[in-house]
Each structure stands twice: as structure tokens, then as C-alpha cells.
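Here's a quick briefing on the fold you're about to look at. Have the viewer open and follow along.

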Amino acid sequence: MWLRRKSNTPLGNDNGYVPLTCLPEGTKAVVTHTSGGLGVVRRLSEMGLTPGCEITLKRKCSFRGPIEIEVRGVALALGYGLSAQILVQPLEGKPN
């Protein structure tokens, strides 16, 4: 079960992978893998969210609203449920 802390530090697992929804705004991360059915994985791949690509979390809306990210120079808005299926590894350094 994934939980979000009240502070801006992400909650991770033993491998350091966290769902995209657990990152604070302005954090850069690398996509490690996605979970879900074939359609979900295919759609995310079509949007450029493939393992190894770097993303920046731009904005999170309240009440589990959409999440805005930047991937390959393009801004994308993803739903909360879809974002929870994307596991990322945060990059070192402070959020922008």
C-alpha cells in the first residue's frame, strides 16, 4: 500500500521506486516501469512515458485531481489513477 506523507518527502519502497503521485511538485525523476494492462502501458508509451525517460512533476491538483508533468519537453496532464501506476525513481537534488 502506498501512502503519502504530510511532508514533501516521498515515501518509497526498498528499491527507491515511488508512484508518481507521491512526488512533491518540482521534483525530477526517471520512469522505472509502469503497471497496468496492455492498453495502459501502450498508451503511456505513446505519450513518451517509457522506462528510462526523465520527467518533471510540474503541478498536482488537490483532492486527487490531475497531475501535470513535463516529459521530453512536452507538458502532459494525467489522471490520478493513471499516475499512480507509474513508478519512478526520484533524482537527487532539490525540487525546482
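In the hairpin of β4 and β5, which residue takes a positive phi? That's Arg 72, with phi near 55°, in a hairpin that has 2 residues between the strands. Keep in mind that this is a predicted model, where local features need pLDDT of at least 70, side-chain atom pairs count only at pLDDT 80 or more, and totals for chains, interfaces and linings use all residues. Residues are numbered from 1 along each chain as its sequence is written, and side-chain values use heavy atoms, leaving out hydrogens and water.

**Overall make-up**
- The protein has 2 helices and 6 strands (DSSP runs numbered from the N terminus: H or I of at least four residues for helices, E of at least two for strands).
- Along the sequence, the pattern reads β-β-α-β-β-β-α-β.

**The sheet**
- The 6 strands make an open, antiparallel sheet ordered β1-β6-β2-β3-β4-β5 (two strands pair if DSSP finds at least two bridges between them).
- β1 (18-19) and β5 (74-78) sit at the edges with a single partner strand each, so one side of each has no neighbour in the sheet.
- β3 (residues 54-60) pairs with β4 (residues 67-71) over 5 antiparallel bridges, and Leu 57 stands opposite Ile 69 in β4.
- β4 and β5 also pair in the antiparallel sense, over 5 bridges; Ile 67 has Leu 78 in β5 as its bridge partner.

**Burial and contacts**
- Of the 96 residues, 32% are buried (under 20% relative accessible area, 1.4 Å probe, protein chains only).
- Among contacts (heavy atoms within 4.5 Å) between residues at least 6 apart in sequence, 57% join residues at least 24 apart.

Methods:
Buried < 20%, exposed > 50% of the residue type's maximum accessible area, 1.4 Å probe, protein only.
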